[in-house]
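Me: I have a structure open and would like to go through it piece by piece. Can you take my questions as they come?

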Amino acid sequence: MIAWVEPSAGREAMGEPPDGWTVVEWPRDPESDPDRDAVEFVVPNWEVSRSLDALRGLKVIQTRSAGVDWIVDGVPDGVTLCSARGARDAAMAEWVLWAILADVKAARVAAEQQASRTWEHLDLGDVCGARVMIVGHGSIGEAVEARLRPFEVADVVRVARRARDGVHAVDELERLLGGVDVVVNVLPATPQTNGLFDARMLAAMREGALLVNAGRGTTVDTDALLEALHAGRVRAVLDVMDPEPLPADHPLWSAPNVILTPHSAGDTPGAERAAWALAGEQLRRHAAGEPLRNVVREGY
């Protein structure tokens with residue numbers, strides 16, 4: 001049996017393949033590759049995901065990303081899609097913590113003052129005592145919350161798709177937004193989350209509150225966010241945007257009250273190793289006929 005994997009650094013973390021299996025890099029021309037019908041398991045990237053229909057023996061697709069919006073619609077019938085849920089939690093949570101601290105401790109202003117050689121007092125804020133909301137409270141949200149505890153935040157408000165013990169349902173979001181200082185968005189991209197943070201939701205946020213988006217750019221209405229930023233009603237730190245890549249002439253680049261990073265929050269050496277290690281574990285589970293982890297259902 002054959003597994004095709006994307007040509008990416010860190011693949012050694014997969015470990016040894018199961019007996020009878022060969023792991024090779026994705027070929028340049030998969031549709032004409034003589035071994036394509038023997039491929040049962042793949043670890044694709046954005047580019048090669050278009051070749052899946054050519055693999056008639058395919059049984060499992062294992063992504064190295066927690067989000068699967070980029071591939072879910074292209075999964076052939078009868079093939080199991082698994083995400084890398086959990087592999088990038090630490091990296092994502094560290095970025096969220098950095099984003100909050102960068103805003104509260106005026107990192108953008110400090111960098112601008114350094115560039116202009118301006119010695120002027122910085123207006124700094126506190127994380128201690130802040131009320132933080134985590135929207136999309138799954139494994140990444142849990143990792144964010146764990147890293148916030150030592151900073152003695154006053155409260156963490158949890159919001160997810162469905163209500164459960166200690167977690168509010170997303171249909172309560174608008175009512176809850178006005179009671180928090182920081183809104184951390186780690187939502188996936190689905191038809192239900194598309195444009196969720198629209199003008200109405202942004203208006204429901206507390207005046208001067210911070211929006212941190214490490215989920216997907218399409219969950220936020222960019223035009224509505226730009227209006228709120230220019231009005232000074234909210235601040236934002238964004239790792240994801242709509243559109244991506246952000247065009248050089250896009251108004252977000254020059255908008256006030258915002259810090260941007262290029263969709264890199266989860267891409268650290270540790271996260272890459274963890275994602276590859278998960279792929280190796282999943283391959284061994286599949287070969288042994290054991291249940292797979294992180295099977296995607298309902299687009300998640």
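Me: Is N257 buried, exposed or partly exposed?

Reply: N257 is partly exposed, because its relative accessible area is 35%. Keep in mind that this is a predicted model.

Me: Where is N257, and what is its phi?

Reply: N257 belongs to the loop between β11 and β12. Its phi is positive, about 65°, although N257 is not a glycine. Most residues other than glycine have a negative phi, and most peptide bonds are trans.

Me: Which peptide bond at P243 is cis?

Reply: The one joining D242 and P243, with omega about 15°. P243 is in the loop between β11 and β12. A cis bond also joins E244 and P245, where omega is about -10°. P245 is placed in the loop between β11 and β12 as well.

Me: Back to phi. What about E152?

Reply: E152 is not a glycine either, and its phi is positive, about 60°. You will find E152 in the loop between α3 (139-148) and β7. With 54% relative accessibility, E152 counts as exposed, because the cut-off for exposed is over 50%.

Me: How does β9 run relative to β10, parallel or antiparallel?

Reply: Parallel, with four bridges joining β9 (residues 182-185) to β10. V184 has V212 as its bridge partner in β10. To get from β9 to β10 the chain passes through helix α5 (residues 199-204), and this β-α-β crossover is right-handed.

Me: And β11, how many bridges does that one share with β10?

Reply: Five, and the pairing of β10 with β11 (residues 234-238) is parallel. N213 stands opposite L238 in β11. Here the chain crosses through helix α6 (residues 222-230), and the β-α-β crossover from β10 to β11 is right-handed.

Me: Which residues of α6 are buried?

Reply: T222, A224, L225, L226, A228 and L229. The buried residues of α6 pack against α5, β10, β11 and β12 (258-260).

Me: What happens at the two ends of α6?

Reply: At its start, a side-chain oxygen of D221 comes within 3.1 Å of the backbone nitrogen of D223. Just after α6, G232 has a positive phi of about 75°.

Me: How many residues are in the largest nonpolar core?

Reply: The largest nonpolar core has 31 residues, and those with the most contacts inside it are M133, V183, F197, L211 and L225. Elements giving two or more residues to this core include β6 (131-135), β7 (155-160) and α4 (173-177). The most comes from α6, which gives five residues.

Me: What does V183 touch?

Reply: Leaving aside neighbours within four places in sequence, V183 is in contact with M133, V135, L177, F197, M205, L210, L211 and V212. Apart from that core lies another, of 27 residues, with I100, V212, A214 and A265 among them.

Me: Now aromatics. How many aromatic pairs are there?

Reply: Two. One of them is W95 with W98: the ring centres are 5.8 Å apart and the planes are at 45°, so the pair is tilted. W95 and W98 both sit in helix α1 (residues 89-104), three residues apart, which is about one turn of the helix. An α-helix has 3.6 residues a turn, so residues three or four places apart point the same way.

Me: Last one, S65. Where is S65, and what does it touch?

Reply: S65 is in the loop between β4 (60-62) and β5 (80-82). Not counting residues up to four places away in sequence, S65 touches W70, S83, A84 and R88. S65 and A84 are 19 residues apart along the chain, and their C-alpha atoms are separated by 5.1 Å.

Me: Is S65 buried or exposed?

Reply: S65 counts as buried, because its relative accessibility is 17% and the cut-off for buried is under 20%. A polar atom of the S65 side chain lies 2.7 Å from the backbone oxygen of G67.

Notes
Residues are numbered from 1 along each chain as its sequence is written. This is a predicted model: local features need pLDDT of at least 70, side-chain atom pairs count only at pLDDT 80 or more; totals for chains, interfaces and linings use all residues. Side-chain values use heavy atoms; hydrogens and water are left out. Buried means under 20% relative accessible area, exposed over 50%, partly exposed in between (1.4 Å probe, protein chains only). Contact means heavy atoms within 4.5 Å. A polar contact is a pair of N or O atoms within 3.5 Å; within protein, one must be able to donate a hydrogen and the other to accept it, and residues adjacent in sequence count only if both atoms are side-chain atoms. Two strands pair if DSSP finds at least two bridges between them. A crossover is right-handed if, with the strands pointing away from the viewer, the path from the first strand over the helix to the second runs clockwise. Rings of Phe, Tyr and Trp (its six-membered ring) pair if their centres lie within 6.5 Å; planes under 30 degrees apart count as stacked, over 60 as edge-to-face and the rest as tilted. A nonpolar core is a set of buried Ala, Val, Leu, Ile, Met, Phe, Trp, Tyr and Cys residues joined through side-chain atoms within 4.5 Å.
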